[in-house]
Amino acid sequence: MSFGARLVVAWGINLAALWVADALFDGVRIHGWAAFLIGSAVLGVVNAVLKPVLTVLTLPLIIVTLGFFYLIINIAMVAIAEWIAPDFSIDGFWSYVGTVIVVWAINWIGGEILGDASKRARPRLT
């Protein structure tokens, strides 16, 4: 799959994840397609660019807290998307935690589905 196609698919998966989080949690309010599109695009960019940098910089803290600080980093990524996207708000710590879990789960499921599809599509050299 080309880079552009993967980018569009990742954007769609993040959009679906935000839509599910909006449907599941009362503290998550996303109004309009523009908010979904911008929020999912920002979430994809910060997860691809900023999150790895923060993870490396805070690796000792992540290890000491047995991974809890990684949840805080994920919450920060969702908070940045909320801050930039219009008509996108999350109220309360547990709404953030729930949104992070939903985004993680849907991205994992999407990755598993697309990962299996890309493995099937490649011819094997014997």
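**Exercise 1. Aromatic pairs**

Task: Count the aromatic pairs in this predicted model and classify Trp33 with Phe36.

Solution. Step 1: apply the rule, in which rings of Phe, Tyr and Trp (its six-membered ring) pair if their centres lie within 6.5 Å; planes under 30 degrees apart are stacked, over 60 edge-to-face, and the rest tilted. The count by this rule is three aromatic pairs.

Step 2: Trp33 and Phe36 have ring centres 5.9 Å apart and planes at 50°, a tilted pair. Both sit in helix α2, three residues apart, so about one helical turn separates them. Helices here are DSSP runs of H or I with at least four residues, strands are runs of E with at least two, and both are numbered from the N terminus.

Step 3: assign exposure, where buried means under 20% relative accessible area, exposed over 50%, and partly exposed in between (1.4 Å probe, protein chains only). Trp33 is exposed at 61%, whereas Phe36 is buried at 7%.

Step 4: turn to another pair, Phe93 and Trp94, whose ring centres are 5.1 Å apart; their planes stand at 75°, so this pair is edge-to-face. Phe93 is partly exposed at 39%, and Trp94 is exposed at 66%.

The model is predicted: local features need pLDDT of at least 70, side-chain atom pairs count only at pLDDT 80 or more, and totals for chains, interfaces and linings use all residues. Residues are numbered from 1 along each chain as its sequence is written, and side-chain values use heavy atoms, with hydrogens and water left out.

**Exercise 2. Positive phi**

Task: State where Leu66 and Asp87 are found and whether each is buried or exposed.

Solution. Step 1: Leu66 is in the loop between α4 and α5 (68-84). Its phi is positive, about 55°, although Leu66 is not a glycine. With a relative accessible area of 81%, Leu66 is exposed.

Step 2: Asp87 lies in the loop between α5 and β2 (88-90). Asp87, also a residue other than glycine, has a positive phi near 55°. At 52% relative accessible area, Asp87 is exposed.

**Exercise 3. Helix α2 against helix α3**

Task: Describe how α2 and α3 pack and which residues meet.

Solution. Step 1: the axes of α2 (residues 33-48) and α3 (residues 50-57) are 3 Å apart, at an angle of about 40°. Axes are lines fitted to C-alpha atoms, for helices over the stretch in contact, with angles from 0 to 180 degrees between N-to-C directions.

Step 2: Val45, Val46, Asn47 and Ala48 of α2 meet Leu50, Lys51 and Pro52 of α3, contact being heavy atoms within 4.5 Å.

**Exercise 4. The whole chain**

Task: Summarise the elements, burial and confidence of the protein chain.

Solution. Step 1: the chain has six helices and two strands, in the order α-β-α-α-α-α-β-α from the N terminus.

Step 2: of the 126 residues, 32% are buried. The C-alpha atoms fill a box of roughly 55 × 40 × 20 Å along the principal axes.

Step 3: among contacts between residues at least 6 apart in sequence, 61% join residues at least 24 apart.

Step 4: pLDDT, the predictor's confidence in each residue from 0 to 100, averages 90, and 91% of the residues score at least 70. Confidence is lowest in helix α6 (residues 93-121), at a mean of 85, and highest in helix α4 (residues 59-64), at 96. Where pLDDT is low, the predicted coordinates should not be read in detail.
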